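This report walks through one protein, part by part. Please keep the sequence and the 3D view at hand while reading.

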Amino acid sequence: MKKLLSLLVLLLLVGCQSSKPAEQAAEGGKDSGKKVKVGIVQFMDHVSLDAAREGFIEQLKESGIDAEVIEQSANGDMSLTNTIAQSLKADGVDLIYAIATPAAQAAKNTVTDIPIVFSAVTDPIGAELVKTFEKPDSNVTGVSDYVSSEAQIDSFLKIYPNIKTFGVIYNTSEQNSLVQIEELKGNLSKRGIELETVGVSAVTDIPQAVASIAPKIDALFALTDNLVANAAPIVSDTLIKSKLPSLSAEEGQVKNGLLMSEGVNYKEQGKQAGRMAVKILNGEQVDDIPVELNEVNTKLVNVKTAEALGVDLNADSFKDAEKIQ
């Protein structure tokens with residue numbers, strides 16, 4: 001974890017990407033006037049990953065890329081991600097956009113001769129997608145959705161200052177979640193707050209997980225965990241019945257019923273990844289394009305959930321938040 005954080009700090013200091021121009025545009029790039037073929041492998045369908053896909057496609061169009069886009073979802077099946085990656089390679093795509101860690105890992109393990117751009121990946125080094133942020137290895141680069149939990153926790157504590165224990169539900173098989181839990185645990189410990197966790201391996205485990213953790217916690221922190229995010233409405237309903245507030249690391253789960261977030265805007269992250277893809281399609285080498293950190297966070301509050309919990313939406317903490325029904 002220390003290694004990840006030090007690399008993130010170094011990346012922020014380095015700051016900018018390589019500005020080295022390509023000697024000529026790659027075949028199919030917007031400067032060549034030819035149509036390109038872009039493959040998308042998405043780990044599962046839920047509001048956040050869907051937004052990352054939509055933002056990416058929008059950015060290609062806005063950048064003048066004439067692209068045939070092949071979209072495929074693994075529906076949460078890790079074994080299917082490999083099949084999709086193989087299929088996209090057979091289709092002769094010019095670039096693969098991989099959304100979420102399992103999809104990116106499958107793409108890298110399957111395809112070595114086609115550029116891969118990822119998003120919705122928290123720890124690309126731990127996931128063995130790249131060796132460093134500054135100089136990605138081989139054919140893979142992308143956007144990390146890492147966002148420090150510290151500022152989010154402090155903002156939440158202004159509304160709920162008496163929180164003693166946060167809860168987390170996480171997918172035991174997702175690298176992203178394991179990294180986030182370790183950081184969250186440290187940040188909460190510094191504030192004298194305990195962390196209660198419960199692991200799940202399938203969506204069907206989540207109702208029981210929420211029911212079991214609810215009596216032990218004062219609030220729930222929702223990670224950028226794909227499996228749990230897919231069940232956000234179930235989690236939200238149980239929390240509201242238990243009168244428990246929730247804080248999400250990304251906006252999608254707030255749209256599906258959790259209370260609030262100051263985290264990742266995945267549509268903007270998709271556009272950020274799209275800008276990286278445009279550079280590659282126009283001739284830049286993948287290993288000249290550093291991995292980027294998420295650029296746009298959104299402060300969001302769910303009005304119906306706030307009202308159900310008796311939260312005062314006129315409080316200073318919500319004055320600059322986007323309010324959704």
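## Helix H9 and its end

Helix H9 is followed by Lys243, whose phi is positive, near 60 degrees. Helices (H or I, at least four residues) and strands (E, at least two) are DSSP runs, numbered from the N terminus. The model is a predicted one, in which local features need pLDDT of at least 70 and side-chain atom pairs count only at pLDDT 80 or more, while totals for chains, interfaces and linings use all residues. Residues are numbered from 1 along each chain as its sequence is written, and side-chain values use heavy atoms, with hydrogens and water left out.

Which residues of H9 are buried? They are Ala232, Val235, Ser236 and Leu239; buried means under 20% relative accessible area, exposed over 50%, and partly exposed in between, with a 1.4 Å probe and protein chains only. Viewed along the axis of H9, these buried residues fall within an arc of 100 degrees, so they line one face of the helix. The arc is that of the directions from the helix axis to the C-beta atoms. An α-helix has 3.6 residues a turn, so residues three or four places apart point the same way. The buried residues of H9 pack against H7, S8, H8, S9, helix H10 (252–255) and helix H12 (303–309).

## Helix H7

Helix H7 covers residues 206–213, and its Ile206, Ala209, Val210 and Ile213 are buried. Down the axis of H7, the buried residues fall within an arc of 95 degrees, so they line one face of this helix. Their cover includes S6, S7, helix H8 (226–229) and helix H9 (232–241).

## The protein as a whole

The protein has 325 residues, and 56% of them are buried. Its secondary structure comes to 12 helices and 13 strands. The accessible surface is about 13,500 Å², with 47% of it belonging to carbon and sulfur atoms; such areas come from the Shrake-Rupley method with a 1.4 Å probe, and for residues only the protein chains shown count as cover.

Contact means heavy atoms within 4.5 Å. Among contacts in the protein with a separation of 6 or more, 71% are between residues 24 or more positions apart.

## The seven-stranded sheet

What is the strand order of the open sheet of seven strands? It runs S7-S6-S8-S9-S10-S12-S13, with mixed pairing. Two strands pair if DSSP finds at least two bridges between them. Strand S7 (194–200) and strand S13 (322–324) stand at the edges with a single partner strand each, so one side of each has no neighbour in the sheet. From one strand to the next, the twist averages 25 degrees.

Within this sheet, S9 (residues 246–250) and S10 (residues 260–264) run parallel and are joined by three bridges. Glu250 stands opposite Val264 in S10. Helix H6 (residues 175–189) packs on the sheet and touches strand S6 (165–171), S7, strand S8 (219–222) and S9. The direction of H6 makes about 170 degrees with that of S6; axes are lines fitted to C-alpha atoms, for helices over the stretch in contact, and angles run from 0 to 180 degrees between N-to-C directions.

## The nonpolar cores

A nonpolar core is a set of buried Ala, Val, Leu, Ile, Met, Phe, Trp, Tyr and Cys residues joined through side-chain atoms within 4.5 Å. The largest one has 72 residues, and those with the most contacts inside it are Phe56, Ile96 and Ile169. Helix H11 (residues 266–281) gives the most to this core, with seven residues.

Leaving out residues up to four places away in sequence, Ile169 touches Val198, Val200, Ala209, Val210, Ile213, Leu220 and Val228. A second, separate core has 28 residues, among them Leu184, Ala219, Val303 and Ala321.

## Strand S5 and Thr141

All five of the five residues in strand S5 are buried. S5 spans residues 140–144 and holds Thr141, which has a relative accessible area of 0% and is buried. Not counting residues up to four places away in sequence, the residues that Thr141 touches include Ile116, Phe118, Met276, Ile280 and Ile289.

Strand S4 (residues 116–121) runs parallel to S5 and is joined to S5 by four bridges. Thr141 in S5 is the bridge partner of Val117. Two bridges join S5 to strand S11 (residues 292–293), again in parallel, and there Val143 has Glu292 in S11 as its bridge partner.
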